[in-house]
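I am opening a notebook page for a structure that is new to me.

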Amino acid sequence: MRWFGFGFNAFGQIFVHEKLIKRSDTVKEVKVISPTELSSHVDRSACRQDICMNTSEIRASWSRTASLHLDGDGCVSLAGFGAVFTNECISMVESRGCKDAFISESYLTLAFSDRVESWDLETKKETPAWSMEMKTQPECSGTPLNLPLVPGGYVATKPPFYQSLSPHLKAKSLALGAEHAILLSATGAVYSWGLGSHGQLGHGGLTSEDEPRAVEALWGMTMSCVATGGWHSVCTSDGGDLYVWGWNESGQLGLPSQALRKAQQQSAQRADASTSALEDPQEGEDDNGVFISIQAFPALVDVTPSCEIKTVSCGSRHTAAVTTTGDLYTWGWGDYGQLGHQTLSSDEPRRVEFFREQQMCVVDVVCGAWNTFAAVVKEEVANS
């Protein structure tokens with residue numbers, strides 16, 4: 001499996017420009033428009049010979065990327081802010097043996113078989129800022145929890161780290177947005193809490209919730225995946241349907257966005273002033289059209305051509321979804337190339353043609369705030 005990245009790269013989260021290594025220039029490739037393969041990481045710890053490590057998972061924040069290597073003992077390497085002046089990403093000896101990782105702008109959380117630790121990325125202390133012992137889960141206890149979930153609760157992105165959850169929720173997965181959270185239960189129900197000012201909780205209003213509350217509009221439907229952006233939320237059903245809600249200012253819900261359409265028209269008019277007279281009638285039609293700035297209830301989004309969604313991830317103001325056939329669709333804000341196609345932004349899901357052209361099947365996607373990472377295999381491997 002290979003990982004590709006595209007979008008915001010000002011800190012070298014996707015790849016490091018050679019001039020950065022020489023400390024002779026600032027970042028040139030702020031935008032990575034075309035999907036670019038992430039380089040392999042080399043373990044050069046004192047106790048080992050140089051070993052090329054495969055990336056199993058990617059975790060991303062705004063300025064950093066954490067690559068989780070599960071072959072061997074398991075460890076994490078970092079790229080981005082604070083790591084751009086090295087020939088390869090920083091390999092943390094302290095992460096040896098970890099099973100999962102979760103990264104925010106300030107902290108890296110590592111899960112081991114017997115404990116969980118949060119490390120301060122800004123102070124770079126030699127001891128974790130917080131840690132908690134965990135009882136080893138028996139293999140027969142069901143699906144193991146993935147960060148930020150831990151037994152009895154979850155790990156927040158800033159202190160106080162440990163937040164308890166009611167055992168009645170039977171949490172299966174948890175997605176943390178800028179100031180809200182979306183939880184998927186073992187029964188496929190969806191719960192949300194936190195800030196609700198942009199409709200991101202899905203309860204029909206703009207009020208906030210202190211405690212997890214069921215998203216009633218999805219009641220009775222079994223969901224399989226949840227994701228959060230800065231101020232929007234997405235989930236997929238067992239049948240591959242895609243539901244969205246929250247802020248749509250940049251088209252991140254895949255619904256018509258007036259602000260985005262107007263920005264596109266203004267950009268086109270500036271590019272060719274001679275077409276401005278032709279654009280005016282279209283602008284009038286848009287003014288009378290149906291646009292959505294905030295979607296406070298879950299809405300079903302159709303991806304054309306018709307397909308089933310396997311998994312989904314959200315950036316700050318963009319969304320990416322992988323289909324069961326191995327295609328990647330993206331939409332929303334794309335000024336840094338995080339959508340993977342030539343148009344800057346879009347309020348309609350569009351397939352990233354690069355992977356189809358390279359005969360690659362996308363099997364997973366992870367969004368940073370302003371970038372996107374896709375895991376791929378060759379088509380013949382996917383079909384075998």
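I began with burial and found that buried residues make up 50% of the 384 residues in the protein, where buried means under 20% relative accessible area, exposed over 50% and partly exposed in between, with a 1.4 Å probe and protein chains only. I keep in mind that this is a predicted model, in which local features need pLDDT of at least 70 and side-chain atom pairs count only at pLDDT 80 or more, while totals for chains, interfaces and linings use all residues. Residues are numbered from 1 along each chain as its sequence is written, and side-chain values use heavy atoms, with hydrogens and water left out.

Next I looked up the secondary structure, and there are five helices and 29 strands in the protein; these are DSSP runs numbered from the N terminus, helices (H or I) having at least four residues and strands (E) at least two.

For the interior I searched for nonpolar cores, meaning sets of buried Ala, Val, Leu, Ile, Met, Phe, Trp, Tyr and Cys residues joined through side-chain atoms within 4.5 Å. The largest nonpolar core has 23 residues, and those with the most contacts inside it are Trp3, Leu328, Phe355, Val362 and Phe373. Among the elements that give two or more residues to this core are strand E1 (2-8), helix H4 (353-357) and strand E28 (360-367), and E28 gives the most, with five residues. Leaving aside neighbours within four places in sequence, I find Val362 in contact (heavy atoms within 4.5 Å) with residues including Val322, Leu328, Phe355 and Val376. Apart from that core lies another, of 16 residues, among them Cys225 and Ile309.

I then turned to an open sheet of four strands, in the order E9-E10-E11-E12 with antiparallel pairing, where two strands pair if DSSP finds at least two bridges between them. Strand E9 (100-103) and strand E12 (130-133) each have a single partner strand, so one side of each is left without a neighbour in the sheet. Four bridges join E9 to strand E10 (residues 107-111), and the bridge partner of Asp100 in E10 is Ala111.

Last, I checked the backbone. The peptide bond from Pro159 to Pro160 is cis, with omega near -10°, and Pro160 sits in the loop between strand E14 (153-155) and strand E15 (162-164). Another cis peptide bond joins Thr304 and Pro305, with omega about 0°. Lys170, which is not a glycine, has a positive phi near 50°, and at 56% relative accessibility Lys170 counts as exposed.
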